[in-house]
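Please look over the sequence and the model shown here.

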Amino acid sequence: MGSVPARITVCVLGPVTAFRDGVSVDLGGPRQRALLASLAVAAPHAVSAAQLLADVWHDVPAPTANALHFAVSKLRRHLDPLRGRGQHGPVVRSGSHYALRVAELDSARFDALVREAHGVRAGSAPSAPDDAAVLLNEALGLWRGEPYQDTAHLAGIVPERTRLDGLYRDASCALVDIDLSRGRAQEALRTAEALVNRYPLDENAWALLARAMYLSGRQADSLAAIRTLRRTLMDELGVDPGALIVELERKILSHEVVDDAVPVPPAPAPEAAVITDEPPKMPPALPVSRSRLIGRAGDLSRVPELLGKHALVTLFGPGGVGKTRLALDVAAGVRIGDGTWFVDLAGVVDESSIVVTVAQTLGVPSVDTPEQLAELIGSRTTYLILDNCEHLVDAAAHLVSVLLTQCPHVRILATSRELLDVDGEFGYEVRPLDHDSAEELFADRAASFDSSWTLMDSDRVSVHRICEGLDGLPLALELAAAQLCVLSEEQIADGLTDRFTLLTEGPRRLGARRRSLMDTVGWSYRSLDDTAASALRALSVFAGSFDIHGAAALLGETEPLRAVETVRALVRRSLLSVVPGTRTRRYVMLQTIKQFAAQQMLPDERERIASEYYAWVVRRATALAAELRGSGARNAVSELFADSAEHRAALTAAVDRGDSHYVLELSGALYWFWYRQGNVSEGLRFLRFGIDGVDRHPIVPKAAHLGRALMGTALLTDLTGDSESALHHSERAWSILHEAGDAAEIAYADSLRAYYRTVCGDHGGAVGIVQRRLEVAGSLGDDWIAASLLMVLGIAQRGGGDSAAPETLRTSVDVGRRCGYRWVPICSLWALAKIAADSNDHRRGLALAREILPILEEDAEVTGWIVTMHTAAAALAQAGRTADAARVLGAARAHGERAGVQADLLDPYGPQEHAAMTAAARTGTFDAYCAEGSGLTREEVNALIMATSPSR
């Protein structure tokens, strides 16, 4: 028979503490306390492991899952060390999520007591005030200090602290109000004084204090309190008190204050002038969501800061990204003036009705112009949320502009799919969720639709596909989760190819425009004019991000700047997003929008756009490839890397339709980029498809296309360690290009075949080829070719034992640097390091490695880095640095395997290097250090090499 489970109580209304059967629990170190706090914030919901790692280990660069598992285990032992086997403990795990399951959480009890008190107070029973007061006193008595007092530094705690603080303020105000209504002015006064000390800018607290003072016979003090508030508000915020304080001051002066709640001013007669109307004392309650807000901690921190600095903040982003929910959660934690007025404009169809809708929300239905509304608000401190402005942009912009101009203390938080574009607006883009948050949201909503649902390991791949395919769009994820009642995770993931049929009939709470994915995206599309709609369809062909040049090509513009206005229109409407952090601006379209736009194409339009797209991809790659061997190489590599999704999409489509000529041309343009990036497997697959296809095709390919593809095949094949095949391909490339007669292409092919001859042992043949070509290289006017030939000559001379090799290699470094062809300095400095290794000069070898590293990093070079590190490992072994040698060797091999590069075959060790590595490998710890190195990042390996002193 198992033991009786302990009663665990967790208290967070003060320092984070826990009790087991009434006895205080030692929680251990600060990490366990922070973990318990993070679990308590989410309770009764589960929180993902990723979120716990981010919150609790915020000070650790890369916390591991093992750290979390150990901390959870330790926390369980502290909370309930006698828990029997099979009993549910205080911290339960479901998949990658953890939840707190305890008998009582004081914050939850506080919340429940306050809500119960408000419900009792709203009743008509004679004892309602007394009963409500008992509940409120019990609730406030739970507080032992500031909530989460010793874990307040955690970012994930901040929203919950704000929420609890707001409940505490409201409960305290309600208690003062009740005490005043029961004639207990002295008790009310003590509570009100504490309130004002805690909330010195809260007008409601000051109003209660002034009333309590007046009803305690201290009229002069009550008026002095109001004067103090007026000075404080002006000094701190630059505003005057609102209508509540103004009216209370008048009543105190005229002795109209009674021991009852301050009454709402009576509604005026219908014929009264509009500008004499006043808003209600308090705004109506904000819409409340019962689901958790996930993945928005940063937004919840940033937006309130912006509201403190800007009169208008507009949350903009695509439909379904969660703008409304974010605005409401921001409002729940922000106190401005008399509260927040929430205006939902989704149902307003006529622009002329927007002012009337706002006025009705404020309780003044007679207002029908922005100017009248502005005159009514005047200098009051007013906080408005204008939700769903996108279909009323012009009218909303005019209204907001008038309010900002004429009302100095108004604050507006707007949500829209496009910016209002008025003076003083700060646009804050609400982006889709990151992947971890997207998975957490999907899991949370799935559990809400089916309480028995848990994320099983077997379903993780499908859930990953769902979250990735839906771009982390919260609405789409909720709609997908709702389908779990009839479909499996795998079926939903597979069904995303027709997501607009799949993702329909979402929860009723989402509203008519968001009940299906088709409704949400379709509404945005229908709001476009013909030019913008046509552009959206054309740009949907891009597989990844694109720049203004790509946009212009698909929009039929010869000058990129002519496409700016159209692109701007789509960005403004959140149908395109600007990729953050791009030096040359790039744009991306969400997969959901992309699929919808593609479905709107007519067949002939689809064919035309595809043809233009494939032609642009080749033109773009060819133009950038031409810059790879000059001073523009760094930028060209960056642009080619950014375009990788387009290369892959265009090549895959060409393979699917059997267009080997297109594959040959595009892969021939990309081979040098693939080689530098170590993209071996994919590059060889496309190159071989193109070459094999044209070899069988009746139409003869252009010699330049075939020759480039063969040179690319030689280079990438060599990275696999097959130098003999690389030599064969380079010889064939030279033969084809020689017949075509392009002198520059022939010269480079000569350098390539000479290099593979020396790799295969024919050093004399290699030297002969290069020397003959160098005699005519000067006439080509391409210094990069001369640099390449000198580099190969130096490597061949080294292989043949020629003492001129170092001088030749240094000359090639100088020529390469002068013309901007940085690959030659990389290779020639590496060859010099090999020469140093031949004579056991490890100091020189490591110094050369340090000289190469900055070039490798600036060019984001992969292949050269792997080979350089492989050589540096031998130099470290020669220096007697066995542990570092093993670490660097392990890193070089691991990074090489990931790229498809065989480091050991590409950089065979010479006799001296081999002897040093063999001696190092005989130590008992070499393999362990090698395994450790396999887990090092490139940055960590670089730091190890750069920290190696030349004297060591």
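**A buried strand residue**

T382 has a relative accessibility of 9% and therefore counts as buried, a term that stands for under 20% relative accessible area, with exposed meaning over 50% and partly exposed the range in between (1.4 Å probe, protein chains only). The model is a predicted one, in which local features need pLDDT of at least 70 and side-chain atom pairs count only at pLDDT 80 or more, while totals for chains, interfaces and linings use all residues. Residues are numbered from 1 along each chain as its sequence is written, and side-chain values use heavy atoms, with hydrogens and water left out.

**Setting of T382**

- T382 belongs to strand β10, which covers residues 382-387; strands (E, at least two residues) and helices (H or I, at least four) are DSSP runs, numbered from the N terminus.
- When neighbours within four places in sequence are set aside, T382 is in contact with W341, I377, H409, V410 and R411, where contact means heavy atoms within 4.5 Å.

**Backbone features in loops**

- The peptide bond joining A43 and P44 is cis, with omega at about 5 degrees, and P44 is found in the loop between α1 (30-42) and β4 (47-48).
- Y148, although it is not a glycine, has a positive phi of about 50 degrees; Y148 is placed in the loop between α5 (128-140) and α6 (158-181), and it counts as buried because its relative accessibility is 0%.
- N388 is likewise not a glycine and has a positive phi of about 65 degrees; N388 lies in the loop between β10 and α15 (393-406), and its relative accessibility of 5% is why it counts as buried.

**Two mostly buried helices**

- Helix α12 (residues 323-332) is mostly covered, with 8 of its 10 residues buried, namely K323, T324, R325, L326, A327, L328, V330 and A331.
- The elements that cover the buried residues of α12 include α11 (297-309) and α16 (435-449), together with the strands β8 (312-316), β9 (340-344), β10 and β11 (410-416).
- Helix α21 (residues 517-526) has 7 of its 10 residues buried, so it is largely enclosed by the rest of the structure; the buried residues in α21 are L517, T520, V521, G522, W523, S524 and Y525.
- For α21, the cover over the buried residues includes the helices α18 (474-482), α20 (499-502), α22 (530-539) and α25 (591-599).
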